[in-house]
Amino acid sequence: MTATPVQPELKARHRAMWGLGDYARVADELIPELGQVIVEACEIAAGDRVLDIAAGTGNAAIPAALAGADVTASDLTPELLEIGQARGSEGASITWRVADAEALPFDDAEFDVVMSCVGIMFAPFHEKAATELLRVVRPGGRIGLVSWTPEGFIGQMFATMKPFMAPPPEGAQPPPRWGDEAHVRGLLGDHVTAVRAEKRTVAVDSFETGAEFRDFFKACYGPTIVAYRGIADDESRTVELDAALADLGDRYLTAGTMKWEYLLLTAVRG
């Protein structure tokens, strides 16, 4: 069975948003190690059939394939998959597939491992995405999730941008809730066992000031670009958001390094 796609206009907006800027720079320059973190946490090995949901440019899919797994990297935004595919990796078996996390075009129990590295959290309807994740992993298969926490830096960045952005669709939930262990346990429910959750941080040393962080995200990160486009005709609001993001960056900078908190959660499909 496969799910039926829903809300095509909303999906088109999300697809376009993540195609803006240069997400590959965000993944490659700021958080490259997170892909290996999730691969190791899921104990991915040769012969595993692995699905990476919302894979982006492949920062987790590529190391999983290099570990010998047969990987499907899926994402709503084809431009991101094209970047990952163009890179190529000798000895890596990866199928790049355009797919919606809330309506995956895969069979029930098709994969030994289903993972997502700061990806599935951006699907707006969490229960739909979790239901699809659970559907496509086999009984006894492994699940691995890396998600930004609400109280961590990226969670606070989204909280800072929220007043400047259009309201989300009815029923949508904020992405950083996937970084709340209780929320994710509720989404997965009694369909999983052996749940392990740990908060960790990734060190980001690319910025000397909050303004440098802000300008990088204004140029490279789709959601930030969309926030600014929505207020482009209001100079005072633009100035206000500029100041708020720079201040946020300065508050998290210590000796040229930021610590971005995330939740690493693994489980076994019951």
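Which helix supplies the largest share of the lining of the largest cavity? The legends below begin with that cavity and refer throughout to a predicted model.

**Close-up 1. The largest cavity and the residues that line it.** A search of the whole predicted structure finds 1 cavity of 30 Å³ or more, and the volume of the largest cavity is about 370 Å³. Its lining is made up of 28 residues, and those nearest the cavity centre are Trp18, Ala54, Asp75, Gly119 and Phe122. Helix H1 (8-19) and helix H2 (23-30) each contribute at least two residues to this lining, and the largest share, 3 residues, comes from H1.

**Close-up 2. The tilted aromatic pair of Phe122 and Phe158.** The structure holds 17 aromatic pairs. In the pair shown here, the ring centres of Phe122 and Phe158 are 5.7 Å apart and the ring planes stand at 45°, so the pair is classed as tilted. Because Phe122 belongs to the loop between strand E4 (111-117) and helix H6 (126-136), while Phe158 belongs to helix H7 (residues 153-161), the pair ties together parts that are 36 residues apart in sequence. Phe122 has a relative accessibility of 12% and therefore counts as buried, and Phe158, with a relative accessibility of 15%, also counts as buried.

**Close-up 3. The aromatic pair of Phe213 and Phe217.** These two rings also form a tilted pair, with 5.0 Å from centre to centre and 55° between the planes of Phe213 and Phe217. Phe213 and Phe217 are 4 residues apart in helix H9 (residues 210-220), so about one helical turn separates them. Both Phe213 and Phe217 are buried.

**Close-up 4. Met157 and the largest nonpolar core.** The largest nonpolar core has 87 residues, of which Trp148, Met157 and Trp260 touch the most other members. Strand E7 (residues 258-269) gives the most to this core, namely 7 residues.

**Close-up 5. Lysine side chains over aromatic faces, with Lys128 at Phe125 and Lys218 at Tyr228.** Lys128 lies over the face of Phe125, at a distance of 5.0 Å from the ring centre.

Key:
Residues numbered from 1 in each chain as written. Predicted model: local features only at pLDDT ≥ 70, side-chain atom pairs only at ≥ 80, totals over all residues. Heavy atoms only, no water. Phe/Tyr/Trp six-rings, centres within 6.5 Å; stacked < 30°, edge-to-face > 60°. Buried < 20%, exposed > 50% of the residue type's maximum accessible area, 1.4 Å probe, protein only. Lys NZ or Arg CZ within 6 Å of the ring centre and 35° of its normal. Core = buried A, V, L, I, M, F, W, Y, C linked by side-chain atoms within 4.5 Å. 1 Å grid on protein atoms, 1.4 Å probe; cavity = no way out; pocket = protein on both sides within 12 Å on 5 of 7 lines; lining within 4 Å. Points joined across faces, edges and corners; volume = space filled by probe spheres on them.
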